[in-house]
Amino acid sequence: MAGFLVMIWGVQSQGWYFTEIAVVFLAVSYLLFLVSGLSEHRFMESFVSGAADLLGVALTVGLARAVSIVMDESHTSDTILYFFSKQITGMNKLAFVWVLFLIYIVLGFFIQSSKKQGKGTSFCLAFFGQYLPFPAFTVSRCRDFFSFLFKSL
């Protein structure tokens with residue numbers, strides 16, 4: 001518990017980030033090792049087992065970051081946004097809402113948090129909003145509604 005309190009204090013008042021938080025986790029694990037009386041072999045087995053559980057997450061985050069860098073540097077994301085902006089230009093309002101609904105259903109499988117869904121899609125929807133025959137705030141309200149709807153389910 002003290003380790004989490006130190007982390008909260010460090011992040012909020014000292015501006016700590018991943019490196020400092022990792023050091024706090026390591027320090028707390030070493031302190032628990034000393035206090036628990038486990039053998040060195042048993043402690044290392046537990047530590048490596050716990051680290052192995054996080055390997056998939058670390059690889060996923062690293063791969064996502066690599067894809068993001070490649071798409072930004074090669075302007076692939078711009079090409080994709082341009083393609084979809086041409087698809088929705090002049091689209092009927094009702095058709096757009098249904099398409100947006102279907103997009104949020106698919107996104108719900110990949111991004112479970114409605115807050116993260118909103119953050120992840122705001123930029124794209126703001127970009128697409130300029131190509132629609134109705135005000136951009138309508139798109140924003142649809143996004144908020146769908147995020148709330150999927151959060152409630």
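Biologist: How far apart are the end C-alpha atoms of helix α4 (residues 76-88), and what span should its 13 residues have?
Modeller: Helices here are DSSP runs of H or I, at least four residues, numbered from the N terminus. The expected span is 1.5 Å times one less than the number of residues. For the 13 residues of α4 that should be 18 Å, which agrees with end C-alpha atoms 19 Å apart. The model is predicted: local features need pLDDT of at least 70, side-chain atom pairs 80 or more, while totals for chains, interfaces and linings use all residues. Residues are numbered from 1 along each chain as its sequence is written, and side-chain values use heavy atoms, without hydrogens and water.

Biologist: Which residues of α4 are buried, and what arc do they cover?
Modeller: Buried means under 20% relative accessible area, exposed over 50%, partly exposed in between (1.4 Å probe, protein chains only). The buried ones are Leu81, Ser85 and Ile88. Taking directions from the helix axis to the C-beta atoms, they lie on the same side of α4, because their arc is only 65°.

Biologist: Is Leu26 buried, partly exposed or exposed?
Modeller: Leu26 sits in helix α2. Its relative accessibility is 35%, so Leu26 counts as partly exposed.

Definitions and conventions. Helix = DSSP H or I, 4+ residues; strand = E, 2+ residues; numbered from the N terminus.
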